Amino acid sequence: MKSIFNPTIQPKTNIGQTIVRILLGSFLLFAGISHLSFNRAEFLAQVPPWVPMDPDLVVILSGIVEIVLGATLLFLSSKKIQVGWVTAIFFVLIFPGNISQYLNGIDAFGLDTDRARFIRLFFQPVLIVMALWSTGAWQAWIKRNQ
């Protein structure tokens with residue numbers, strides 16, 4: 001079985017995938033910068049109370065990770081499959097923050113009703129799919145044994 005991280009497996013991506021990858025990278029870069037500056041309080045509100053770290057440190061570290069992932073999606077297309085998987089895993093890892101925001105009724109980012117917070121939960125899987133599709137990571141997974 002070939003590894004999905006094998007650099008020789010680089011399926012071609014189309015213009016739509018490239019556009020989505022660039023948009024996703026830009027979004028992550030912007031979000032990461034906002035973690036460290038103007039939206040810090042909003043992101044602090046999303047750190048679940050059970051996380052065994054200082055919430056401010058969690059926001060700073062996740063912001064740095066988002067900046068790195070965003071920049072890598074934008075500028076390191078030769079590693080796009082690997083970055084696609086890492087980005088998807090990152091989106092899975094931060095999902096508990098969205099769940100916590102919903103379960104604890106925390107207002108942040110204009111999500112000030114249970115309904116709005118609930119609807120927001122459905123966007124995380126979309127981000128995961130976007131990361132895997134736009135980078136060709138999903139195609140590499142399918143073709144790994146061919």
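Guide: Buried means under 20% relative accessible area, exposed over 50%, and partly exposed in between (1.4 Å probe, protein chains only). This is a predicted model: local features need pLDDT of at least 70, side-chain atom pairs count only at pLDDT 80 or more, and totals for chains, interfaces and linings use all residues. Residues are numbered from 1 along each chain as its sequence is written, and side-chain values use heavy atoms, without hydrogens and water.

Visitor: Is Phe-91 buried or exposed?

Guide: Phe-91 has a relative accessibility of 2%. That value is why Phe-91 counts as buried.

Visitor: In the protein, which helix has the lowest confidence?

Guide: Confidence here is pLDDT, the predictor's score for each residue from 0 to 100. The protein averages 92, and 94% of the residues score at least 70. Helices are DSSP runs (H or I, at least four residues), numbered from the N terminus. H1 is highest at 98, while the lowest mean, 91, belongs to helix H7.

Visitor: What class of aromatic pair do Phe-90 and Phe-91 form?

Guide: Rings of Phe, Tyr and Trp (its six-membered ring) pair if their centres lie within 6.5 Å; planes under 30 degrees apart count as stacked, over 60 as edge-to-face and the rest as tilted. The structure holds six such pairs. Phe-90 and Phe-91 sit 6.2 Å centre to centre, with 50° between the planes, and the pair is tilted.

Visitor: What class of pair do Phe-118 and Phe-122 form?

Guide: Phe-118 is partly exposed, at 38% relative accessible area. Phe-122 is exposed, at 54%. Their ring centres are 5.2 Å apart and their planes lie at 80°, so the pair is edge-to-face.

Visitor: Ring pairs link Phe-118 and Phe-122 into a cluster with which residue?

Guide: The cluster is held together by ring pairs. Phe-118 and Phe-122 are two of its members.

Visitor: How many salt bridges does a search of the whole structure find?

Guide: Side chains of opposite charge can pair when their charged atoms come close. The cut-off used here is a side-chain nitrogen of Lys or Arg within 4 Å of a carboxyl oxygen of Asp or Glu. By that test, the number of salt bridges is three.

Visitor: Which residue meets Arg-40 in a salt bridge?

Guide: Arg-40 is partly exposed, at 25% relative accessibility. The N to O distance in the bridge is 2.9 Å. The pair links distant parts of the chain, helix H2 to helix H3, across 16 residues. The partner, itself partly exposed at 26%, is Asp-56.

Visitor: How far from Arg-21 is the nearest side chain of opposite charge?

Guide: Arg-21 lies in helix H1. Lys and Arg count as positive, Asp and Glu as negative; His and the chain ends are not counted. Arg-21 is buried yet has no salt bridge. The nearest opposite charge is Glu-66, at 17 Å.

Visitor: How far apart are the C-alpha atoms of Pro-11 and Trp-138?

Guide: Pro-11 is in the segment before H1. At 11% relative accessibility, Pro-11 counts as buried. Its contacts (heavy atoms within 4.5 Å) include Ile-81, Gly-136 and Gln-139, leaving aside neighbours within four places in sequence. Pro-11 and Trp-138 are 127 residues apart along the chain, and their C-alpha atoms are separated by 9.6 Å.

Visitor: Where does Pro-48 lie?

Guide: Pro-48 is buried, at 9% relative accessibility. Not counting residues up to four places away in sequence, Pro-48 touches Pro-96, Gly-97 and Ser-100. Its place is the loop between helix H2 and helix H3.

Visitor: What is the phi of Phe-109?

Guide: Phe-109 lies in the loop between helix H4 and helix H5. The residue is partly exposed, at 33%. Although Phe-109 is not a glycine, its phi is positive, at about 60°.

Visitor: Which residue has its charged end over the ring of Trp-141?

Guide: The test asks for NZ of Lys or CZ of Arg within 6 Å of the ring centre and within 35 degrees of the ring normal. Here the charged end is 3.8 Å from the centre of the Trp-141 ring. The residue is Arg-144.

How values were computed:
Helices (H or I, at least four residues) and strands (E, at least two) are DSSP runs, numbered from the N terminus.
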